[in-house]
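Student: I want to check the labels on this model one by one. Show me the structure, and I will ask what each label rests on.

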Amino acid sequence: MKNMLEVKDLTTKYITRFHEDVYAVDHVSFCVKEGKSVGIAGESGCGKSTLALSLMGYYFPPLHYTSGEIIIDGKNISGMSPDEVRLHILGTEIAYIPQAAMNALNPTQRIIRFIEDVIRAHQPKASKKDIYDLARKRFEILNLPADVLQRHAVELSGGMKQRTVIAISTILSPKVLIADEPSSALDVSSQKMVIKMIRDLMEMGYIKSMIFITHELPLLYNVTDDIMVMYAGQLVESGSAKQMVFDPVHPYSKGLMDSIIVPEEGARDIKLAAIPGTPPNLKNPPMGCRFAERCKYMTPLCKAYAVKMTDFGDVDENGSHQGLNRSYRCLLPVHELKASYESEAKGGAAI
Ligand SMILES: Nc1ncnc2c1ncn2[C@@H]1O[C@H](COP(=O)(O)OP(=O)(O)OP(=O)(O)O)[C@@H](O)[C@H]1O
Ligand SMILES: [Mg+2]
């Protein structure tokens, strides 16, 4: 299966007005295969949205590219100028549905105008009729009534607005779609509809691969093939959705899993035990493990050495490495961590 997106050692930072650097994406590497979806989970401020922005190769202050490569369907976009990215990459190669997209639609503009803007950015000579025909067909596939095209954003319900945003963002059939918490503002049934819609678009081949960002690790189980957990600007664990939800290894992923239970139909999620403490300040991240301060398994070595992502070759039940490698970023051996979790689950003390 070919790689739709390959990210190699990507590092980006914000340079603030006071010239303080915020290291929000630190040496991130992963890939997404054609037809596959990858979820990114992690607490607020850990760099999920910054990673999403960085992946598009479209940098404007205060966000700056530092190093690394982004390769979309074999094309390296890392060295491209903002104009090149805007004209040749955004919308067609990679599209991003920002976190607050629903509320960002200009209320005075008809929906068809947004679609015209997206299409004309790539095909300046596209006729009004061609644009309307394409939009109508795509809306029909997505079960959105064609008359939505003539309406204003304020006339749409929350769920419909969200689906409209997805339709607009994917009108040029991007190879990679990044959806940044598209469902957190919606009720459970609208969330499910949004997720199903994105999956349908993938199955119909209008999107070739997807990255789905959320706070909630368990939500990703039904949504994505693979999951990565991010903490303080770094990836700390990756694997198949099943492995990550049912068998997390890194103490942070384990904490994320234990702090949230999957919401029942119609019910809000219930926080059980939040992970104590807060993430480090990314202006001055610790040199050792970034999670050490909050980790109950911390040893003196953890603060002394930077920890690398390590593959531990735990293949999924199909015995394959079709998706993300099973990797974690921790000095403690996998079997030791798992033994601790097991003994805690039985009510014993941590080793
Ligand atoms: N424009 C900016 N200038 C400086 N620092 C920023 C800027 N935007 C974000 N940051 C910082 O970058 C870090 C990562 O933020 P980011 O928004 O990517 O996190 P996130 O994981 O998407 O959080 P959330 O779950 O709340 O959306 C945070 O420390 C944040 O304070
Ligand atoms: Mg965010």
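Student: What is the bridge partner of Ala 41 in β8?
Tutor: Thr 214 in β8 is the bridge partner of Ala 41. This is a predicted model: local features need pLDDT of at least 70, side-chain atom pairs count only at pLDDT 80 or more, and totals for chains, interfaces and linings use all residues. Residues are numbered from 1 along each chain as its sequence is written, while chains are lettered from A and ligands numbered from 1 in the order in which they are written.

Student: What makes β3 and β8 a pair?
Tutor: Two strands pair if DSSP finds at least two bridges between them. β3 and β8 (residues 209–214) have five bridges, in the parallel sense, so they pair. Strands here are DSSP runs of E, at least two residues; helices are runs of H or I, at least four; both are numbered from the N terminus.

Student: How many bridges join β3 to β9?
Tutor: Four, and the two strands run parallel. Gly 39 has Ile 227 of β9 as its bridge partner.

Student: Why is β3 called mostly covered?
Tutor: Five of its five residues, 37–41, are buried. A residue is buried if 20 or more other C-beta atoms lie within 10 Å of its own, exposed if 12 or fewer, and partly exposed in between; C-beta atoms are placed from the backbone.

Student: Which residues of β3 lie on each side?
Tutor: Ser 37, Gly 39 and Ala 41 are on one side, Val 38 and Ile 40 on the other. In a regular strand the side chains alternate between the two faces of the sheet.
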